[in-house]
Amino acid sequence: MLKELTKKRSAASEKRMSLDRSRESSAPELIDLRAFSQRFLPRNVSLSNYIRYMRTLLPEAYHDLLLGYFYGGEYVRDPASLIESPSLSDEQLSIVCQTLVQNGVAISEFIDSKIHSELASFVEDIRKTASKRLDSAATTGFIEFTNLINATRRRSPSVVRTLGEFESLVSYVKTELVHVIGPDLFTILQQLCDPDHAITDRDTVRQLQICRSWGVADLYVQLLILRATRNVALDDQPLKLVISQTLGEGTPNALAPTTLAIYASWTSPDDALPADILGSPATALKLVCAVRRELAEGNAERLVDIILALYDIDPTMMEWLDWRSIYRTMRFSLRLEGLKIAAIHFLMGQPFVARKFRVVAIAEGDGAFESSLRTSISRLRTLDALSAELSSLSYRCRKLLINAILSPDTAAMLTVILQHDPRWARQLTKARSLAYDTRVSALRLDLANSFARAGLLERRHAQIIIEEEQSRLRVAYLQGRRQNGLVHIDWSRILVRLNNEFSAQVGFVKKLLNEQNLDQPAEYRQSVVSALAEAVTDFILIEGPDNFKTTISDSLRHGQLPNLFLTAFDRAISQSTASAIDGSSLMAELSTLEPYCETWLLRLRAAQVETIKRFNNECLSVSSPSPFRTQAEAEVAKCIDNALSSSSDVVDLGQCLKSMKILLESFLHEAGQQLTKRLKEYKELAAQITSDVDEVVLPTNPPRTVDGYRFLHALRESLNEAEQESLPWLALTEAKATPDAFHLRDLVQLCLLNHRSDSRQPTVEVTISEHRVEQGIVILPNPKPISGKYFPLFESLTKNILLNAFSHSGLGLRTKLAIELILADARLTIKAKSTISPAKYQALRDRINTIQAEANKGNLSAAGEDTGSGLQKMRWMINRYLNVTPALRLSLLSDPSSFELAIETKHSHVDIISSESPGS
């Protein structure tokens, strides 16, 4: 078939099979392979993983064309169909034919002979150009190979010192030269550098032949020596086969002296390499041979030094060591202590060791590194002493340990060892549950400062860690203050408004009661006290601008408590499936299925929603006919009756608020007790429902299996954590709980804590901008903090924006959200843009104007309800703190489908921006 096809193509011009590939045909019907190489050839992905990825990504009809063209004829499954492809230009066809011939596919005597002769002539010209820059024509290292390649592309030599840099160079130049010299040489080198690629005997013969034609046989053998160092099955045989063909009888001087010396030292630990062997990878291979020598002798201390010296020269070489033998040598030698052995244990716990030496990775885990690090650091006691100890290590080893020490998990362990508990960190939060996290953040911050002062850490890297931990500490500071209650009540402001509204009425009634000719004063007094008590109670609880109903709904009932416990349910789902999933997205998907599938999981979810709803209605309701409303009116009636009996001419209703405060504190305390009781009942119900259920397969795409026992255990743990977190919320906010100043970014992170998931951490982009007359809207890179007196306002706005975005987008925690605060003279604008699902976009498209009209109604009474998206609550809070009612603008955007909320308001408050530092 191939010969017949070749005869048909032989009538084409001789240039059709020429190696003159300086330009590609621009015919529109041809595939632009140059553009494909620029977009799809890998950079830092192993070859074997990338081939698997490409077979999934590409249509099957293009497998042979693209994989064969860019990776070699060994990946072509149907050579005949590939050569018949009408989409190949002359230049592309010559590449395809070349790689097929080099991989053992016979096309025709004419084509095969022409390819071999032209390729040999082409390589000879390149080598002549490259040899002018070198003392030797043999390619024995990375530098020689770089000069060989640069002779083809007329570039100045790149500096390649490590195996990783060499692999990156091969991947990079392949994108440029595959159209000129074909893919085979590059693919062979990529295969050699790929730890997961297995090389067969047939591959070895073919690869050696191609490398010989390019004069890189020495580099090929050196890389095979490196592969065989791992002492892993299938790595030894290729080296033995190549050595037999290069050092056997009848093959004198087939390898350069450098390669011969390396192989001799590798096979015989007693033969040390000469000191004058330099360059890469020869220098690293000298240390590889030294590692084998120390493994044979069992000298663990020298072995550690040599491995770290090799790591300092070329970290990529760590992937090719025999970690099984290294582990055994360490295990059966005297116990070593110090930061050097800690670095070795850290390396043995890395994924590249686990891929080939699973037993070593299981034996080491994270515990061996932490144990050795604990032993090393326990005697140092101070951060400066730790910095001095790290200074004695080589650069890369030091960098390795510094990055490991600065990781949050290691820092948590070191917090206990170093007993790091600075006073400034203790003062940030009084919440016991946050004390440990605060100490860990403080340690990472202080470590970064200490390492930077000692010159061990770049100031830029240190600054990133410092800013990250400062933000966490500020969030912990705000979170700690939330433990003092979430119900923000400004009693002084309510008193002013209450007196303005009712003191004149009470005073007038008091004068009437003092009239001597008043008929039936007792009956009149009882009637008027009852009427005034009802009006005052309604004002405080329901109708006033600072009413309790809306405050409690915004602080607790709407979103805050429900979302905390629903998130706990979602986390339990994530922990009870075989693979990590986003519980909120899963439940959102289940809710859209038709018919709504009935399983024990969904029954539990419905029961949880009903439990929270009943708790809100029965334990956090202040409107009639709740018991609290009845008690409040009775207390207010007593206070008004006392005011009417007072001899003072001034009517002050402050006693009403004092009684109301006591009553509200008792009300919230009892609500906390009821929450504990009802959660206990719900957990008992969950145990009953899941008692005889092992697992459930959810009809999602793909199907998900939830383990009943694991879910119940995870649900209990998650609900217990949520309960402990929420109980302090059920209290009046203390005056000291409001920070002096805060950053909006920190507040967003604080509110995101209620939307966390084990499998997905939601992210929100926060931007602070300023409107300038001549420049327009300018993003502030380092915005000033917001005054603490407005913390309740921005907390309410933020949590309602987040709740609206994550609950009503149809995407769950996959929602992408951007919040922008635009500051200007006497004007405040907040924009929130969130992605939404296509189905949600269609549902909102016809209702967006109606929703906007409802949200902008002048009556804010709907703000006290627990339903809806919280738009009225945001308007109510702005009116409460800025004394203006803002306008809301809603819009739908496409590409991608998004929902945008804009809140715009004019105000007369000049103190929104603070000069204080957050957490001061």
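Which residue in S10 is the bridge partner of Arg827? The partner is Lys906. This is a predicted model, where local features need pLDDT of at least 70, side-chain atom pairs count only at pLDDT 80 or more, and totals for chains, interfaces and linings use all residues. Residues are numbered from 1 along each chain as its sequence is written, and side-chain values use heavy atoms, without hydrogens and water.

**Sheet**
- Six strands form an open sheet with mixed pairing, in the order S5-S4-S7-S8-S10-S9. Strands are DSSP E runs of at least two residues, and helices are H or I runs of at least four. Two strands pair if DSSP finds at least two bridges between them.
- S5 (776-779) and S9 (887-893) are the edge strands, each with a single partner strand, so one side of each has no neighbour in the sheet.
- S8 (residues 827-835) and S10 (residues 898-906) pair in the antiparallel sense over nine bridges.
- Helix H40 (residues 848-855) packs on the sheet and touches S9 and S10. Contact means heavy atoms within 4.5 Å.

**Helix H22**
- In H22 (residues 383-391), the buried residues are Leu383, Leu386, Ser387 and Leu390. Buried means under 20% relative accessible area, exposed over 50%, and partly exposed in between (1.4 Å probe, protein chains only).
- Asp384 and Ala388 are exposed, on the other side of H22.

**Asp546**
- Asp546 lies in the loop between H29 (521-543) and H30 (548-557).
- Its relative accessibility is 5%, so Asp546 counts as buried.
- Asp546 and Arg880 make a side-chain polar contact at 2.9 Å. Such a contact is a pair of N or O atoms within 3.5 Å; within protein, one must be able to donate a hydrogen and the other to accept it, and residues adjacent in sequence count only if both atoms are side-chain atoms.

Note on methods
Axes are lines fitted to C-alpha atoms, for helices over the stretch in contact, and angles run from 0 to 180 degrees between N-to-C directions.
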